[in-house]
Every structure is written in structure tokens, then in C-alpha cells.
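The points are grouped by topic.

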Amino acid sequence: MVTMRVFVVLLSLWVLTVAERRLIIGDMTKFQVTIATGSISHAGTHSHVFLAMTGDGGVTNDVNLNAENKHMFRQGQVDKVEVFAPSVGHLRSIRIRHDTHGDDPSWYIETITIEDGVGVYEFPCHCWLSTKHGSGSLSTTVKLYKYTPLPHNG
């Protein structure tokens, strides 16, 4: 009897329909965020990095991408982070920022890609988040460049 209850609870947490293949846990969607930091000199950062996503259905709150791992966003490095946030529909733009924490907080971002189980969203940044380089801003909003649907499995 206990096994049946566990199965029903787990089944209710994993919602999967033909039209909507996003992984939903409770009311949260799983996003795989991949960020490529530039390879130019001093491109990496030790700052706390935050991401907000805007879609057809709304905007997420800022999510701290490196709260658990301080060895992310180094020069020339590609980092992957799983983010759980409410579904906002088809992504249209993202806002990425940092808090200037740590030594040499400047950060050069090449690209950000986000996968939500339905498709892959590409956001080319090619910009500094820095008070010393580029525009002098610590945040940027990037519009969707390309969306690629994931192939259907069955």
C-alpha cells in the first residue's frame, strides 16, 4: 500500500503531455542554462550572478546561478546550471546581472543558451558586465536570437 501512495505522489509531480513536454515539478519548470564566459583577459568573475527570464506568459524572479558553486564563470569556461522556475511560456528575452562581489568582478559573457524540455533558446551576449569595461553596466537584457524545437520522442 505504501508503494502505491509513493507512485501516485511521484506521478503527480511529473506532468507530461503531448503538447507540453516541459518538465514540471509542482508548479516549477526545469531549465538547463548554459553560459559561455569569454576567453579574453580578465573575462571571468567571482560575483554572484542572477538571471531572470521573460516569456509569453510572464517574467521569472531573479535566480542566483552560482549560489552553490563559487568556481563558475571563469575565463574561457562553459558552465551549466539547472534552474527551477515557474513556466513563463516561450522565452523572448533574458536579463543577466551580477553584484560586483569579489576581486575583479568584471565579466565578459559570450553566449547563453536555455533548454526547457521543449526547445533550445539562444541568446548571444558578447558583452561586458563591468564598471570598467564596455558600457559600464552590471546588467544586460538580451533578446532571443534563435529557437530550436527539440525532436519529438515518439
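Cysteine 125 is buried, with a relative accessible area of 12%. Cysteine 127 also counts as buried, at 16% relative accessibility. The model is a predicted one, and it holds 0 disulfides.

- The cysteine sulfur nearest to that of cysteine 125 belongs to cysteine 127, at 5.2 Å, and cysteine 125 is in no disulfide.
- Cysteine 127 is likewise in no disulfide, and its nearest cysteine sulfur is that of cysteine 125.

**Overall layout**

- The protein contains 1 helix and 11 strands.
- The protein has 154 residues, and 36% of them count as buried.
- Its accessible surface is about 8800 Å², with 57% of that belonging to carbon and sulfur atoms.
- Taking contacts between residues at least 6 apart in sequence, 69% join residues that are at least 24 apart.

**The nonpolar core**

- The largest nonpolar core has 26 residues, and the members that touch the most others are Ile35, Met53, Leu65, Ile96, Ile112 and Ile114.
- At least two residues of this core come from each of β2 (28-37), β3 (49-55), β6 (78-86), β7 (91-98), β8 and β9.
- Strand β9 gives the most to the core, namely 5 residues.
- Beyond its neighbours within four places in sequence, isoleucine 96 is in contact with residues including Ile35, Leu65 and Ile112.
- Other contacts of isoleucine 96 on that basis include Val49, Phe50, Leu51, Trp107 and Leu129.
- Ser139 and Thr140 are also among the residues in contact with isoleucine 96.

**Aromatic pairs**

- The structure has 3 aromatic pairs.
- In one of them, the rings of phenylalanine 73 and tryptophan 107 have centres 4.9 Å apart and planes at 50°, so this pair is tilted.
- Phenylalanine 73 sits in the loop between β5 (63-64) and β6, while tryptophan 107 is in strand β8, so the pair ties together parts 34 residues apart in sequence.
- Phenylalanine 73 is buried, with a relative accessible area of 0%, and tryptophan 107 counts as buried at 0% relative accessibility.
- In another pair, the ring centres of tyrosine 108 and tryptophan 128 are 5.4 Å apart and the planes are at 70°, so the pair is edge-to-face.
- Tyrosine 108 belongs to strand β8 and tryptophan 128 to strand β9, so this pair ties together parts that are 20 residues apart in sequence.
- Both tyrosine 108 and tryptophan 128 are buried.

**Aspartate 116**

- Aspartate 116 is placed in the loop between β8 (107-115) and β9 (119-129).
- Its relative accessible area is 1%, so aspartate 116 is buried.
- A polar atom of the aspartate 116 side chain lies 2.9 Å from the backbone nitrogen of valine 118.
- The side chain of aspartate 116 also makes a polar contact with the side chain of tyrosine 121, at 3.1 Å.

Note on methods. Residues are numbered from 1 along each chain as its sequence is written. This is a predicted model: local features need pLDDT of at least 70, side-chain atom pairs count only at pLDDT 80 or more; totals for chains, interfaces and linings use all residues. Side-chain values use heavy atoms; hydrogens and water are left out. Helices (H or I, at least four residues) and strands (E, at least two) are DSSP runs, numbered from the N terminus. Buried means under 20% relative accessible area, exposed over 50%, partly exposed in between (1.4 Å probe, protein chains only). Contact means heavy atoms within 4.5 Å. Accessible areas come from the Shrake-Rupley method with a 1.4 Å probe; for residues, only the protein chains shown count as cover. A polar contact is a pair of N or O atoms within 3.5 Å; within protein, one must be able to donate a hydrogen and the other to accept it, and residues adjacent in sequence count only if both atoms are side-chain atoms. A disulfide is a pair of cysteine sulfur atoms within 2.5 Å. A nonpolar core is a set of buried Ala, Val, Leu, Ile, Met, Phe, Trp, Tyr and Cys residues joined through side-chain atoms within 4.5 Å. Rings of Phe, Tyr and Trp (its six-membered ring) pair if their centres lie within 6.5 Å; planes under 30 degrees apart count as stacked, over 60 as edge-to-face and the rest as tilted.
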